[in-house]
Amino acid sequence: MRHRVRAALMLIACMGASVNAQDIAVHAYVDARLVAAPDTPSWTQGGVGKTRYGSGDDGLQFGGAAVAVAWQATPSWLAFADVQFQTTDRHTLDVIESYFRYRPVSTTPWRASVKLGVFMPPVSLENDAVGWTSPWTLTPSAINSWVGEELRAKGVQGQLEWRGERQTWEMSGALFKGNDPTGTLLADRGWSVSDLTYGLGSTLRVPDAYARVFGDPDHTRYHPFQEIDGRWSWYGNLAWQAPGVGRVQLMRYDNRADPAAHTVYEGSADVFAWHTAFWSFGARADTGAVTWIVQAMDGNTRIDPAPGFGVETRFRSAFLLAGWNRGAWRPALRVEHFSTAKRINGSTTGRGESGNAVTAALNWRPREWLRITGEVLRVIGDRSELKALGLPTHVNATQAQLSARLLY
């Protein structure tokens, strides 16, 4: 546990005893839920289920807790740390983000900033609440579920903004390390629709059926945020925003991993450096009392586990969300599609998955510190390669949740 929170504690320790209270912003939440789970074992239980909860999870569940601290040390320097605790997969206390940002005061339309530490790549327009959660639903889209599971940058990001009277342009780019295994879950498990966010020190579970195929023991886990090949990764993001109109952004991500490089986790399982690259497009707009969010992702991930043998997984997903943005009662509806397709040595195998998900949520905020959310998530799809593992290929799962979240 000490290693998992070290980065956040270093930031908090830098604050010192003389920091004024007005310089520090603290946000937190704790969440309890009643759950009606699908009968299929979840991937966190070693199964191939698409949702956070699976067989045996009906009833009262601890939804999680998080604390985010931002310290404005000077007008130019900001320190930020976000720590989360969850018990669904394993009892873990993890650092989600921990970084310093330098953004000097600007008196012109141009403004530059530099971020150093561990941070989320700027993919999501959906998850912008405390603890990298969504204010619209309990469960984020498949795209942002995967981002919370396997995507993190440990390095430096630079950003340049041009602020006009009616619009703003942002250009950002990052060099980072420590994200070589990203893509493992998309290849071995496929997409999920889950609100589990993993941080430094976390380990992710590969479905038991896949672990047995490769001769690994059951309950195979790996660390998603480790460096294997020593190469630098990068991403670039371009965004346009206008008050009263909305935001549009386009991102390119490439971890530049050596697909033949691998290491051993806890002396039992090989962890490969998956070469993962994707395009991400997102847009957000308000039309009166309704907020619209659309996002699409298209990419591929590859390993070369043996000379002359390469396995590539093409992945795609897109969603449209509409949410009511006024008053104490705020319903939201999201529809999405996701798919993967596997190729071996450049040839199509016919194996992969295709699915759809619909999420309906109703949020009630009777007080600023309390959010009550009812949500129903329906996932339907097919994953053809499960047939070779002796498992059902059709997915038809419904998960219902009633959450009480205390906010600070």
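The radius of gyration here is taken over C-alpha atoms, and the globule rule is 2.2 Å times the number of residues to the power 0.38. For 408 residues that rule puts a compact globule near 22 Å, and the protein comes in at 21 Å, which agrees. This is a predicted model, where local features need pLDDT of at least 70, side-chain atom pairs count only at pLDDT 80 or more, and totals for chains, interfaces and linings use all residues. Residues are numbered from 1 along each chain as its sequence is written, and side-chain values use heavy atoms, with hydrogens and water left out.

**Overall build**
- You're looking at four helices and 20 strands, which are DSSP runs numbered from the N terminus (helices H or I, at least four residues; strands E, at least two).
- Some 52% of the 408 residues count as buried (under 20% relative accessible area; exposed is over 50%, partly exposed in between; 1.4 Å probe, protein chains only).

**Salt bridges**
- The structure holds 20 of them, each a side-chain nitrogen of Lys or Arg within 4 Å of a carboxyl oxygen of Asp or Glu.
- Arg 284 pairs with Asp 128 at 3.3 Å, N to O. Arg 284 sits in strand β14 and Asp 128 in the loop between β5 and α2, so the pair ties together parts 156 residues apart in sequence.
- One network links Asp 31, Arg 33, Arg 52, Asp 195 and Arg 405.

**Around Glu 385**
- Glu 385 meets Lys 342 (3.3 Å, N to O) and also Arg 383 (3.2 Å, N to O).
- Glu 385 counts as buried at 7% relative accessibility, as does Arg 383 at 3%.
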